[in-house]
There are 2 protein chains.
Amino acid sequence: MKKQHVSEAVIRRLPRYYRYLGDLQAKGIVRISSNSLGSRMGITASQIRQDLSCFGEFGQQGYGYNVKELQTEIGHILGIENRHSIIVVGVGNLGHALMQNFHFAEIGFSLDAAFDVSPSLVGTTVNGVLVRDMEELDAYCRDHLPDVAVLTVPQSAAQPITNRLVALGVRGFWNFTNKEISSDSADIQVESVHFADSLLTLSYRISKR
Amino acid sequence: MKKQHVSEAVIRRLPRYYRYLGDLQAKGIVRISSNSLGSRMGITASQIRQDLSCFGEFGQQGYGYNVKELQTEIGHILGIENRHSIIVVGVGNLGHALMQNFHFAEIGFSLDAAFDVSPSLVGTTVNGVLVRDMEELDAYCRDHLPDVAVLTVPQSAAQPITNRLVALGVRGFWNFTNKEISSDSADIQVESVHFADSLLTLSYRISKR
């Protein structure tokens, strides 16, 4: 599959397609038209067809999409089968909550290790994953080369830890620090979760009336 | 200020403008052109001008935008001055993390109460906020009518708690349950934080090569 340039907006919609198609499957729905999928998702049918056309041909005129097949294809595009390895750096409340409740494996990630500085946490396990001492981070990364680090450290540690992990070969960062992180390496991908952006859109909507 | 119809995409960009303008202020930058702001944010100058034109006239030809003024205006559009009241429902790891680390007040929210079923949590305070028994939820909401509920309850409780809160007059929901919630009331606004969507976009980006 040859990929053309895919816009940020399309990339952001792919996981939503994946999620909605999963919900449809859970409801036992086998096929769906782009109109019907679009109306559930609040986008137009032509938007869906245009988005998917970036990646190939999907669905059949007059039939629509096979829900399971399309979800599998989109999962493939998203790299779910790659079984990316991921580590959690910082096991405070948020890191702990993600380890306990977030289903990494369901979207193709293997949560392999966690790190913290606190002696009261090091050596414990959360949801079956051992919390290691931050001093072991370098050796661990050299041995296992994880694909992604979840950054749930204090803000002041965000950039220094990022630099350290980049030097160790980690190229994906899931950043929860509410601080922008950056790197000179072109190869680095950062996805930041900005809670404030989310709550502010809600503020806008409830302020409108 | 008369508001025209504002698209979802524009609404989603407003908090980002707000955040970038705050960062610029913190760096002591007083004014900025739409070109320069756009290149920092990865969008075009004409996109910025078009977005802002939904809400009025901002900036001056040849001068650009006054950073502080524009941030204040966008904060106003987002309803930051409304001092919305917010309660946390479910003080597990995630609820606790938000109460401890998220700066509600900085974006105009007043975190007034939290609720949980666990006897070991009820009566404790987190970051100065009392955790109350879920049995007090109805009486509290009738007395204080909070604007927004943060839903950090288990998935099975998501919809029942939503129904209960809607009946009590709560109209805004910041939903962390990874489950879609809905309501028959037209007036209800739900903002869901989908962690999986975020991590899947990162999966896509690191899978591309």
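This is a predicted model: local features need pLDDT of at least 70, side-chain atom pairs count only at pLDDT 80 or more; totals for chains, interfaces and linings use all residues.
Start with chain A. Its secondary structure comprises eight helices and nine strands. The C-alpha trace spans about 60 × 45 × 35 Å along its principal axes. Of the 209 residues in chain A, 37% are buried. Contacts reach across the sequence: among those in chain A between residues at least 6 apart, 58% join residues at least 24 apart.

Next, the contact itself. Chain B gives 46 residues and chain A gives 45 residues. On the side of chain B that touches chain A, the elements giving two or more residues are α1 (8-26), α4 (67-78), α5 (93-101), β8 (172-175), β9 (189-192) and α8 (195-207) of chain B. The largest share of that side, 13 residues, comes from α8(B). By class, this side of chain B has 22 nonpolar, 16 polar and eight charged residues. The copies meet through the same surface, because 98% of the interface residues of chain B are also interface residues in chain A.

Finally, the core. In soluble globular proteins, nonpolar side chains tend to be buried together. Here the largest nonpolar core has 106 residues. Those with the most contacts inside this core are A:V150, A:L151, B:V150 and B:L151. Take B:V150. Leaving aside residues up to four places away in sequence, B:V150 touches B:I86, B:I87, B:V88, B:V89, B:G95, B:L98, B:W174 and B:F176.

How values were computed
Residues are numbered from 1 along each chain as its sequence is written. Chains are lettered from A and ligands numbered from 1 in the order in which they are written. Two residues are in contact if their C-beta atoms, placed from the backbone, lie within 7 Å. Helices (H or I, at least four residues) and strands (E, at least two) are DSSP runs, numbered from the N terminus. Ala, Val, Leu, Ile, Met, Phe, Trp, Tyr, Cys and Pro count as nonpolar, Asp, Glu, Lys and Arg as charged, and the others, Gly among them, as polar. A nonpolar core is a set of buried Ala, Val, Leu, Ile, Met, Phe, Trp, Tyr and Cys residues joined through C-beta atoms within 7 Å. A residue is buried if 20 or more other C-beta atoms lie within 10 Å of its own, exposed if 12 or fewer, and partly exposed in between; C-beta atoms are placed from the backbone.
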